[in-house]
Amino acid sequence: MDTIYGHESIKQKLEYAAKHGRLHHAYLFVGPKGVGKASLARAFIKTLYCERRASDGAFRACGQCEMCLRFDKAVSYFQKNVKTNYFSSPSQKEPDKPIAAVGLPDYIELEDNKAMLSVDVIRLLQERLAQALYGAPHRYVLIPEAAKMNASAANCLLKTLEEPTTETTFILTTSQPERLLPTIISRCQMVRFAAFEHDEVESWLRTRYTAAEEYVIAQVATMASGSLGLAVELMQGDDRDAILSAFQMIINERDSIEAMTVAASLKGKKQIFIPVVRLLLLFLRDILYVQTVDETHIVLRHHQETVLRCARTCAVEDVMRAIEAIQSYYEAFLGNGNEQILWERVALSFQRVLFRK
Ligand SMILES: [Zn+2]
């Protein structure tokens, strides 16, 4: 499990339970998207399967024994095939038997590319659970984003969770526990994952993207708000340039006419509103921090000069008022406010506070 970044106390608890034979029959990993819930679950299961883990007392998969290799093969099978073709029999009317993963049939991962996980999939899973083990000492079932189950699928799974067996362990993950049936939650041992700290995201990005420029890493870490998954998307995705350029335009606007022009150019770019506003709030907080404490903790270091200049020329009260205003536009956006009007308000309140003549 030490290949998984962070979450040390969770790893310790799982390791303790495994070593002392106190594994629960079903776990629910709850936490924000992209913090590594499913990755940690896979690493944990691999370690449990590993045949050489006990030899030196460390709770670590060797990565080389037969079970480790079979597990890796099963995971890559799921990642390649299952997401795109859950039922692998295009010619048949009846869905094929599910998920006999190449390599390790006793490890089952339920995820498809649809928005919902249907009751058919859960029924196929149950048929499978009714059969004997395929040679492994234990069966593990991973259901990532379990809130994808619709009501009938969840009720169907509930029956299985209510009759635990000694040979099968479930791990469900979700970023939306409020969408799960309370009865499902109560059948599982809950494990809570926290978002990563800004510095943790930065240092993780540095090890993963060694060629990336430092200011890109700082900005992506800021925008990702504690999610490594979102950080990866931002490092690779198309929106990053749009977000950064919108942010640059807003902090550089000189007068209200320019602010309106900027807002007009952002019309329709709904998907970048939240990250841009997050960056603007961080920028304002940097200014306020310099004004009220010191210059040592500027988060947006790439914009340090602009932050310092604004800290000299703006009034503290104006900066505080702008933070409040932009925070309220952020909330209005979440409450389905008119995106075009909100871009205008954000652009104007920024221009007013920073370039007040
Ligand atoms: Zn091994």
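Strands β1 and β4 (residues 168–174) run parallel to each other, paired over five bridges. That pairing is a handy way into this predicted model, which has 15 helices and five strands.

- β1 covers residues 26–30, and five of its five residues are buried.
- Look along the strand and you'll see Ala26, Leu28 and Val30 pointing one way, with Tyr27 and Phe29 pointing the other way.
- On the β4 side, Leu28 has Leu172 as its bridge partner.
- β1 also pairs with strand β5 (residues 189–192), again in the parallel sense, this time over four bridges.
- In β5, the residue standing opposite Phe29 is Val191.

**Overall layout**

- The protein has 357 residues, and 35% of them count as buried.
- Its C-alpha trace spans about 80 × 50 × 35 Å along the principal axes.
- It's divided into domain 1 (8–192) and domain 2 (238–354).
- Taken over C-alpha atoms, the centres of domain 1 and domain 2 are 43 Å apart.
- If you take the contacts with a separation of 6 or more, 73% of them join residues 24 or more positions apart.

**Nonpolar cores**

- The largest nonpolar core has 49 residues, and the ones touching the most other members are Ala231, Leu280 and Val346.
- Helix α12 (residues 273–292) puts in the largest share of this core, with ten residues.
- Setting aside neighbours within four places in sequence, Ala231 is in contact with Val201, Leu205, Val220, Ala221 and Ala224.
- Another core, of 43 residues, lies apart from the largest one; Ile45, Tyr107, Cys188 and Val191 are among its members.
- Val191 is also the β5 residue that stands opposite Phe29.
- As a general rule, nonpolar side chains in soluble globular proteins tend to be buried together.

**A spot on helix α10**

- Asn252 lies in helix α10, which covers residues 239–252.
- Asn252 counts as partly exposed because it has 13 other C-beta atoms within 10 Å, while a residue needs 20 or more to be buried and 12 or fewer to be exposed.
- Val262 is ten residues from Asn252 along the chain, and their C-alpha atoms are separated by 10.0 Å.

How values were computed
Residues numbered from 1 in each chain as written. Predicted model: local features only at pLDDT ≥ 70, side-chain atom pairs only at ≥ 80, totals over all residues. Helix = DSSP H or I, 4+ residues; strand = E, 2+ residues; numbered from the N terminus. Pairing = 2+ DSSP bridges. Contact = placed C-beta atoms within 7 Å. Domains from an automatic or database assignment. Core = buried A, V, L, I, M, F, W, Y, C linked by C-beta atoms within 7 Å.
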